[in-house]
Amino acid sequence: MHMRTSTTFFKALTLILPLLGPGSVFGKSTPPPVPCVIHAATAVEQKLIFTTFVEEFYVTRDIPRAFSHIAADYIQHNPVELDGVTSSFDFLDPIFSNTSVTVQILHRVFEAPYGWLHYRVDGLLDEPTAILDLFRFNGTRVQEHWDVIQERPVNAPNPHALF
Ligand SMILES: *[C@@H]1O[C@H](CO)[C@@H](O)[C@H](O)[C@H]1NC(C)=O
Ligand SMILES: *[C@@H]1O[C@H](CO)[C@@H](O)[C@H](O)[C@H]1NC(C)=O
C-alpha cells in the first residue's frame, strides 16, 4: 500500500514552486520583506505581537505584513528553507497568497517566548494537511521557527479524523 509521508509535501512543493516566482502570483508584484529592528518586549507585548502575526499570516494572509515581525537573522529549521527572511518569504508567499489554498486554525498557544499554532491546510496536497508551527520570539520579533507537517496515511488503523 502506498503510504503518504511528509516527503509528499516536499515533492509537491518542488513541483509547484518553480512555476511561481515570488512576484508572479495572480500577476501582482510582491514587495520584499522588510528587515526589522529588535526591541525589548514583555511577555504580554509578545503575546499581542503573536496575535497580530497570526492574524496577518494565517487569516488575512498578508505575508509581506506578517514578515515585518520576523527578525532579519531569522533561524529556520524547515529543511527546505534557509535562515534569514528572504528564503522563507520566497517559499511561503506564493503558497499563502493563493486563495485556493485554505487555512483553518485549530489550536494556538502563547507562552513567552514561544507561540504554537496547529492548523489545517486544504488545496496544497491531495489530502488535507495538518501543520504545527512553533515560533520563538526575541523581544518584539519572531527569531526562530520549527514545523511539523502531517497527512493522514492511507489505511490508518486509528479511526479518528486527523482534525
Ligand atoms: C493555487 O493553488 C491551487 C490548488 O493547489 C493550484 O491549482 C493553483 O495552480 C495555484 N495557483 C497559483 C497561482 O499558484
Ligand atoms: C536577540 O536579538 C539580538 C539582536 O539581533 C541578538 O544579539 C541576540 O542574540 C538575540 N537573542 C536570542 C536569544 O535570540
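Let me start with Phe-50, which counts as buried at 2% relative accessibility. Buried here means under 20% relative accessible area, exposed over 50%, partly exposed in between, with a 1.4 Å probe and protein chains only.

A word on the source. This is a predicted model, where local features need pLDDT of at least 70 and side-chain atom pairs count only at pLDDT 80 or more, while totals for chains, interfaces and linings use all residues. Side-chain values use heavy atoms, with hydrogens and water left out, and residues are numbered from 1 along each chain as its sequence is written.

Now the fold. The protein chain has 4 helices and 5 strands, in the order α-α-α-β-α-β-β-β-β from the N terminus. These are DSSP runs: helices are H or I with at least four residues, strands E with at least two, numbered from the N terminus. Of its 163 residues, 40% count as buried.

Next, the rings. There are 12 aromatic pairs. Rings of Phe, Tyr and Trp (its six-membered ring) pair if their centres lie within 6.5 Å; planes under 30 degrees apart are stacked, over 60 edge-to-face, the rest tilted.

Back to Phe-50. Phe-50 and Phe-137 pair edge-to-face, at 6.3 Å centre to centre and 80 degrees between the planes. Phe-50 sits in helix α2 (residues 43-59) and Phe-137 in strand β4 (residues 129-138), so the pair ties together parts 87 residues apart in sequence. Phe-137 is also buried, with a relative accessible area of 2%.

Phe-137 also pairs edge-to-face with Phe-110, at 5.6 Å and 85 degrees. Phe-110 lies in strand β2 (residues 102-111), so this pair links parts 27 residues apart in sequence.

Conventions
Chains are lettered from A and ligands numbered from 1 in the order in which they are written.
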